[in-house]
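Here is a briefing on selected side-chain and helix contacts. Look through the structure first, then read the points by topic.

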Amino acid sequence: MRRQTPAATRSAPRVRRPGLAPADGARAPRPRADRTWPLAFGTVSSILIRAARLVPLGAGEQVPDGPVDVLVERGGVTAVGRSLDPVRGVEELDAAGRWLIPGLWDQHTHLAQWTLASQRLDLAGARSAEDATRAVAQRIADYPDSSVIGWGHRSAGWDREPTVTELDAVSGDTPVVLISGDGHHAWLNTTALLHFAMPVRDAVVRETEWFAAYPRMATLVGNDGTSPEAYRRMLEEAAARGIVGMVDFEFGASRAEWAERWSQDCDLLRIRWATYADTLDEVVEAGLRTGDSLVGDPRLTMGPLKIISDGSLNTRSAWCCEPYGDAHRLEYPSGQPNLSGAELRALLARAHAGGLEVATHAIGDAAVQEALAAYAESGAHGSIEHAQLARRDDVRRMAELGIRASVQPAHLLDDRDLADRIWGERSERCFAFRWMLDDGVELALGSDAPVSPLDPWLAIASAVHRSADERAPWHGEQALTVREALAASVDGRPTVGVGSPGDLVLVDRDPLLAELDAGDTAALGAALRAMPVALTTVAGRVVHGNY
Ligand SMILES: [Zn+2]
């Protein structure tokens, strides 16, 4: 039988790991970048996928009509065609007419926080400070010996600011740290403030002060839920959604930690590790450039320098050209930059000289403008992270400079009401994906997990149908088509073909949803969110199989 499906595949366990470890530990010479194919490397595999339908990602692009066979050898696609000859020693897998796309990427994650998030007190539903303190009291009653780490509250929508006094009243000596849904502030009780040796106050800890404290969270919670086992589970879940790679922007996470974890069974997907300014010198001195392997494995590479140039909408610290709608209650009516223009330029120049790309977090339109000016002056390459509010001229400038927009469409579901309220008319310039694409900006989708769930299909659905409820899409004129959103989720890869990496995903349904009415974005969004992923491979190695 030619289209033989190995029995082991048909009854596939959730994750099959052929060729997981190099038999003799032999490692190939270190490649310069993770975009080099094919690779003679111990953890890549060969596989022949029979009868898969290719999905065209380019506008008006033609692909073969009907299913074709796709051969992956030594980590890369070497042949595509009908009835390919079997290859000795290469496992075959029958796609049975499923659809094949390049593997999905999440271009903005905080993986330690995401791994931790499942163990945290979920406060995303808290409608008031009282709601939150009630949940904390309950948690302490349930687990009297544990610190409380909460996550997800959005106090900007509450009728008043939370106080430390009210949190102390329900928590006493139990340390409590409640991290806001956007990650830009934390509400600590006095016990936790003292633990971190921070000045006692009656308000939340914001921005830079909070970012500095965050890496020390582990000292508060002991076993902090980021064990290799916890990471492995998280990586498997990501693979099950079709993810093959992620950019990790975790705060205070060293590359040594990733290197160690990598050897502890966490080498499942591609990871680009980002440095922050505090470890920039060390990275440059080590000669690490963006794309370089960190441990001799091309799947774990050096990512960009990450700079957080302004704050967030929720915390009213995103730096805007005009004041917020509720500026009367703000110390900085238009938000503010986290670092001066000179500091920003100096960092970009240093990274650029060291061969590093730069990922600059800029949410407000003033921050976007300033970041673009800094890229232009320094000649640095990379991305603007979020670009949540942008002026049309700056979108064009971004295209001219070749700066990528690394955006998180699911944020618009959470932010639409607040943005309408405090950005008013400006909300038509929010998450302006249509402008970006029309002006020639390269779009790269992500989640900012744990700010929104690490699910690329949710991001794609949100870009296509800008609503999470019964309401009409929020500024539907900025929506993307399904094809555009998918193309923005594959790390710039074209349609699967000879020369593609063996980072592939099979889905049970046409991901372009050609059978649905292209105008019914609610139906498209619902179908995208529920997209069933049958198979994920990284460098030809099966990392998820669900047949
Ligand atoms: Zn982030």
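**Salt bridges and packing**

Arginine 316 counts as buried, at 6% relative accessibility. The model is predicted. It holds 35 salt bridges.

**Buried pairs**
- Arginine 316 meets aspartate 326 in a salt bridge, 2.5 Å from N to O.
- Both residues of this pair sit in the loop between strand S14 (300-308) and helix H11 (341-353), 10 residues apart.
- Aspartate 326 is also buried, at 10% relative accessibility.
- Arginine 272 forms a salt bridge with aspartate 491, with the closest N and O atoms 2.7 Å apart.
- Arginine 272 is in strand S13 and aspartate 491 in the loop between helix H17 and strand S19, so the pair ties together parts 219 residues apart in sequence.
- Arginine 272 is buried at 11%, and aspartate 491 at 9%.

- Arginine 397 and glutamate 400 form a salt bridge at 3.4 Å.
- They lie 3 residues apart in helix H13, about one turn.
- Arginine 397 is partly exposed at 34%; glutamate 400 is exposed at 61%.
- A salt-bridge network links Glu322, Asp365, Arg391, Arg426 and Arg429.

**Histidine 361**
- Histidine 361 belongs to strand S15 and is buried at 3%.
- Its side chain makes a polar contact with the side chain of histidine 386 at 3.2 Å.
- A polar atom of the histidine 361 side chain lies 2.9 Å from the backbone oxygen of glycine 311.

**Helices H16 and H18**
- The axes of H16 and H18 come within 8 Å and cross at roughly 175 degrees.
- The two helices are therefore roughly antiparallel.
- Their contact residues divide into 7 nonpolar, 2 polar and 1 charged.

Technical notes
Residues are numbered from 1 along each chain as its sequence is written. This is a predicted model: local features need pLDDT of at least 70, side-chain atom pairs count only at pLDDT 80 or more; totals for chains, interfaces and linings use all residues. Side-chain values use heavy atoms; hydrogens and water are left out. Helices (H or I, at least four residues) and strands (E, at least two) are DSSP runs, numbered from the N terminus. Buried means under 20% relative accessible area, exposed over 50%, partly exposed in between (1.4 Å probe, protein chains only). A polar contact is a pair of N or O atoms within 3.5 Å; within protein, one must be able to donate a hydrogen and the other to accept it, and residues adjacent in sequence count only if both atoms are side-chain atoms. Axes are lines fitted to C-alpha atoms, for helices over the stretch in contact, and angles run from 0 to 180 degrees between N-to-C directions. Angles under 35 degrees count as roughly parallel, over 145 as roughly antiparallel, 65 to 115 as roughly perpendicular and the rest as oblique. Ala, Val, Leu, Ile, Met, Phe, Trp, Tyr, Cys and Pro count as nonpolar, Asp, Glu, Lys and Arg as charged, and the others, Gly among them, as polar. A salt bridge is a side-chain nitrogen of Lys or Arg within 4 Å of a carboxyl oxygen of Asp or Glu.
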